[in-house]
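Subject: Handing over the structure

Hi,

Here is the structure I promised to pass on. Have a look at it first, and my notes follow below.

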Amino acid sequence: MRDVGVTWAGTHRFTAAELVEAMTVDDVCAAVRAAPGRVKALGTRHSFNDIADTDGTLISVENLADEPHIDLSDPAHPTVTACAGIRYGVLGEWLQRRGWALHNTGSLPHISVAGATATGTHGSGARNGCQSTALRKMDYVDADGELRTSRLGEPDFEALAVGVGAFGIITSVTLGIQPTYDVRQDVYTGMPWEALLTHTPEILADAYSVSIFTTWTEPTVQQIWRKSGVGLDAAPPDEWRGARRETEADARLVDGDPDALTAQREPGPWIERLPHFRLTHVPSNGEEIQTEYFVPMDVAGDALAAVRALADRIAPHLLVSELRAVAADHLWLSGAYGRDTLAIHFTWARRPDEVRALLPAIEDALAPFDPRPHWGKWHTFDAGRIARAFPRLGDARAVFEELDPDGRFVNDHLARLGVRAAHGVPQP
């Protein structure tokens with residue numbers, strides 16, 4: 001069996017028997033037809049668990065290389081179509097050169113568009129939906145190796161937009177775009193915890209994109225990155241809810257090269273400010289484990305207080321936590337389905353045994369607040385808890401089963417969580 005390698009941060013070693021590196025859509029179709037068993041798509045390997053693995057054939061879409069295409073035929077709804085494996089940073093720079101932009105990006109510009117949208121990955125901003133909400137159309141290869149299309153407004157689209165790789169291999173995505181805009185990024189320190197816990201929704205809504213960083217044990221909140229849309233938000237104040245704006249020192253998220261972070265204090269194009277890290281540098285810390293939970297924004301303060309009660313247990317294994325806002329959407333398997341959302345993110349040191357032992361305590365603390373885990377990151381939810389967390393899971397599973405009745409896109413991860421049916425795996 002060929003060694004397919006590991007995920008980006010080394011948290012999972014792939015067990016697939018074969019890896020096919022597709023260069024064209026026809027290559028993807030042929031690979032699905034030729035594969036003797038199960039198949040799965042592989043992008044930029046930015047998942048942290050086994051969601052993208054298979055016991056059969058992995059088909060990489062990272063090298064699909066068709067030039068993006070902008071469609072202005074409907075001036076009110078401009079779009080861009082790009083290959084599934086394109087990285088957000090690459091697509092963003094391409095759009096910026098032509099005067100266009102996406103509504104938001106995640107903190108890493110290194111991740112593939114199809115991988116991010118398939119897992120409901122997001123940026124920040126109380127008015128900004130997750131990355132998947134930009135989808136207008138996707139092309140995918142089905143279980144028979146045939147190219148199919150799903151469009152916004154069609155009956156199955158709300159199941160497929162955050163489809164966790166459960167129904168096919170996405171080859172291209174069409175995203176809504178808007179005229180380019182500039183963003184200014186300012187760092188604030190010293191906000192009292194009482195202010196954050198009392199006014200979490202308002203703080204996260206105070207600018208186009210707001211990210212709050214903490215290790216949970218500080219006497220005041222470690223840092224807040226306020227990303228103001230130039231001409232969209234008020235100018236950044238020097239004092240903000242008890243915090244002060246840093247005017248000289250460069251902020252750091254973790255120990256590392258400060259040049260890896262996007263520029264602060266000076267306005268710049270959206271693609272150079274909304275991500276936290278530069279495309280040209282190693283993102284984040286590299287060797288790490290990530291976990292993320294989504295809770296309703298209207299219980300944000302109470303949920304944060306519940307996690308903070310575990311600060312002494314969390315801090316020894318934590319690099320940093322990030323708190324962000326995600327606007328409600330109608331995508332069935334999105335973490336923000338049906339509710340404005342607080343995303344509570346943990347970037348852990350790569351200590352797998354310690355992190356695995358700690359996650360149940362965090363999940364129990366968040367249990368009263370109806371948490372949902374990020375599909376591509378570490379958690380300990382079983383099929384029953386997943387079904388309770390995602391109320392449309394059964395509907396989504398029915399769509400996946402209809403499109404792939406023989407289970408070619410099933411893997412152990414999806415069966416274990418009840419996202420797909422599998423022999424010997426009980427349904428919740």
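How many Å apart are the mean positions of the 40 positive and 59 negative charges of the protein chain? They are 1 Å apart. For that count, Lys and Arg are positive and Asp and Glu negative, with His and the chain ends not counted; each charge is placed at NZ of Lys, CZ of Arg, CG of Asp or CD of Glu.

Before you go further, note that this is a predicted model, where local features need pLDDT of at least 70 and side-chain atom pairs count only at pLDDT 80 or more, while totals for chains, interfaces and linings use all residues. Residues are numbered from 1 along each chain as its sequence is written, and side-chain values use heavy atoms, leaving out hydrogens and water.

Now the overall picture. The protein chain has 12 helices and 20 strands (DSSP runs numbered from the N terminus: H or I of at least four residues for helices, E of at least two for strands). Its C-alpha trace spans about 60 × 50 × 40 Å along the principal axes.

Of the 428 residues, 60% are buried; buried means under 20% relative accessible area, exposed over 50%, and partly exposed in between, with a 1.4 Å probe and protein chains only. The chain exposes about 16500 Å², and carbon and sulfur atoms supply 49% of that (Shrake-Rupley method, 1.4 Å probe; for residues, only the protein chains shown count as cover). Taking contacts (heavy atoms within 4.5 Å) between residues at least 6 apart in sequence, 71% join residues at least 24 apart.

Next, helix H2, residues 88-97. Its buried residues include Tyr-88, Leu-91, Trp-94 and Leu-95. Some background here: an α-helix has 3.6 residues a turn, so residues three or four places apart point the same way. The buried residues of H2 pack against several elements, among them strand S5 (79-83), helix H3 (113-118) and strand S9 (169-176). After H2 comes Gly-99, with a positive phi near 85°.

Two residues other than glycine also have positive phi. Arg-45, at about 65°, sits in the loop between strands S2 (39-42) and S3 (57-60). Asp-370, near 55°, is in the loop between helix H9 (352-366) and strand S20 (372-373), and is partly exposed at 36% relative accessible area.

What about the cysteines? The disulfide count is zero, a disulfide being a pair of cysteine sulfur atoms within 2.5 Å. For Cys-29, the nearest cysteine sulfur is that of Cys-83, 13 Å away, which is too far for a bond. Cys-29 is buried, with a relative accessible area of 6%, and Cys-83 is buried too, at 8%.

Last stop: Ala-325, in strand S18 (residues 318-326). Ala-325 is buried, with a relative accessible area of 1%. Leaving aside residues up to four places away in sequence, Ala-325 touches Gly-123, Ser-124, Gly-125, Ala-126, Leu-204, Met-297 and Thr-341. Its C-alpha atom is 9.4 Å from that of Phe-294, 31 residues away along the chain.

Cheers
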